[in-house]
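Please keep the sequence and the model in view while reading.

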Amino acid sequence: MNQKEAIMEGRTSLGIEFGSTRIKAVLTGEDSVPLASGSHEWENRYENGIWTYSLEDVWQGLQDCYRNLAQEVRNTYGTELARTGAIGFSAMMHGYLAFDKNGELLVPFRTWRNTSTEQAAAALTEAFHYNIPQRWSIAHLYQAVLNQEEHVKDVAFLTTLAGYVHWKLTGQKVLGIGDASGMFPIEGKTKDYDAAMMDIFGTLTEAYAYPWKLKDILPKVLCAGEAAGTLTPEGAGLLDTSGRLEAGIPVCPPEGDAGTGMTATGSVAARTGNVSAGTSVFAMIVLEKELEKVHPEIDMVMTPSGSPAAMVHCNNCTSDLNAWAGLFHEFAESCGISIDTNQLFSVLYQKALEGDADCGGLLAYNYLSGESITGFEEGRPLFVRSAESRFTLANFMRVHLFTALGALKNGLDILIKEEKVQVDKICGHGGLFKTPVVGQRMMAAAINAPVSVMETAGEGGAWGIALLASYMRQKEEGERLSDYLDRRVFSGGTGVTQQPVPDDVAGFEAFLNRYNTGLAIERAAVDALR
């Protein structure tokens with residue numbers, strides 16, 4: 001009854017996140033416990049050499065996701081979802097969504113998955129003395145400049161997917177500082193785009209005589225807890241096609257999936273970190289101080305409240321692993337065996353624990369797309385063994401779990417071994433951790449540190465952005481996000497922690513040596529298989 005009353009009176013928060021393969025909505029109560037959820041499956045497309053989603057897919061997916069949420073509320077609580085206390089939207093970070101002065105999309109959405117901006121990223125990194133990854137919005141924009149693409153002169157607004165959805169639902173061209181730090185570097189003291197680097201960019205593009213200045217086409221930067229507009233009547237109708245949802249609901253700053261991952265795992269304070277492992281994988285470590293050197297493998301971004309964080313991002317994680325699981329599922333069906341997908345993954349993942357520590361000499365690469373950390377613009381999924389390799393199902397599954405973390409391990413070694421970054425707590429979330437113990441143990445082996453998974457990890461970034469919406473609505477004067485999460489969200493929370501197993505750690509190091517040496521094989525596959 002209390003939950004129903006909370007829903008009817010709007011004492012709730014709603015978070016919606018656009019992930020790589022799923023759009024998810026989570027409705028929470030005043031205690032931040034999820035009350036209901038909804039989802040919509042979707043997939044990116046590779047069209048004309050670009051990884052993209054259509055805007056039609058964005059809105060159809062959002063509406064279907066919300067419709068499913070509202071149906072669960074109706075079925076569970078016997079009431080209609082007409083209002084919430086606050087709403088937040090988040091999505092995959094980075095990418096390129098460019099609009100003209102009339103709000104029309106100029107070119108198809110270029111997602112984070114594209115690795116076609118190497119020239120621009122390298123030039124900007126050198127000019128800024130600051131690492132600019134290929135997937136960042138500014139790299140996409142500058143590559144379009146260097147390519148002399150016709151549309152660039154007409155750009156009036158540049159944003160991310162989360163910023164786009166927020167703009168259309170509220171009318172506000174704003175962005176949370178975490179997501180904004182994946183568009184253009186942020187200056188820590190001002191909590192805004194770095195002015196000196198903006199001047200440098202202006203000098204680089206001066207000869208093209210574009211009618212815009214960079215600062216005028218980027219969204220306004222906001223920190224967690226700040227007001228970011230309200231749901232307009234048009235926005236309410238666009239979100240809820242039934243017309244029941246009321247306008248005027250406060251909306252928090254839109255964030256990227258890195259920021260919501262940090263929030264959902266309570267990893268927003270210094271010396272904490274989290275790993276999100278699904279279609280892609282990234283690790284976020286909140287720093288005590290800036291790094292000593294510029295590393296092309298490490299992105300410097302911000303927590304939702306504006307603290308510096310080091311990010312290791314890899315384009316590929318579980319997609320190839322999922323494809324192999326699908327092959328085993330097809331084999332089982334061909335034998336007349338019906339097996340639940342969750343059971344299949346559980347059996348295969350558990351089997352990996354029986355394998356040799358170093359995967360028995362097997363080698364695999366999960367590169368469906370390029371991988372910038374290891375220098376690949378394109379990828380070819382690959383499995384390799386020698387005559388002496390111990391080719392068993394256990395080793396086969398273990399090597400595919402290890403390789404899902406191979407590129408990430410290379411990046412984290414820079415932070416932990418070279419920069420001596422200290423980490424007290426790592427939390428894992430995402431599909432890799434759904435099967436108990438296994439994913440945690442593989443990650444603990446990769447980083448040689450304990451890995452925890454919270455009970456709420458399955459709610460993911462949608463819950464994270466709901467928490468940010470709750471923080472905006474319920475925070476006390478001067479209350480920091482880290483304190484809010486510790487006191488109101490995670491104080492009574494429980495989770496499972498997996499300590500690193502010494503044999504696993506040694507085995508992963510042996511595998512990584514084989515992985516890095518074998519990159520020449522992956523390069524040959526890319527060159528040969530066109």
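An open sheet of 5 strands has the order β3-β2-β1-β6-β13, with mixed pairing; strands are DSSP runs of E with at least two residues, helices are runs of H or I with at least four, and both are numbered from the N terminus. Two strands pair if DSSP finds at least two bridges between them. The edges are taken by β3 (34–41) and β13 (255–256), each with a single partner strand, so one side of each has no neighbour in the sheet. This is a predicted model, in which local features need pLDDT of at least 70 and side-chain atom pairs count only at pLDDT 80 or more, while totals for chains, interfaces and linings use all residues. Residues are numbered from 1 along each chain as its sequence is written, and side-chain values use heavy atoms, with hydrogens and water left out.

Strand β6 (residues 86–91) runs parallel to β13, and 2 bridges join them. Opposite E255 in β13 stands S90. Helix α16 (residues 460–474) lies across β1 (13–18), β2 (22–28), β3, β6 and β13, at about 140° to β1; axes are lines fitted to C-alpha atoms, for helices over the stretch in contact, and angles between N-to-C directions run from 0 to 180 degrees.

Elsewhere, the axes of helix α2 (residues 55–77) and helix α5 (residues 161–170) come within 12 Å and cross at roughly 65°. The two helices are therefore roughly perpendicular to each other (65 to 115 degrees). In their contact (heavy atoms within 4.5 Å), L55, V58, W59 and L62 of α2 meet L161, Y164, V165, K168 and L169 of α5.

Note on methods: Angles under 35 degrees count as roughly parallel, over 145 as roughly antiparallel, 65 to 115 as roughly perpendicular and the rest as oblique.
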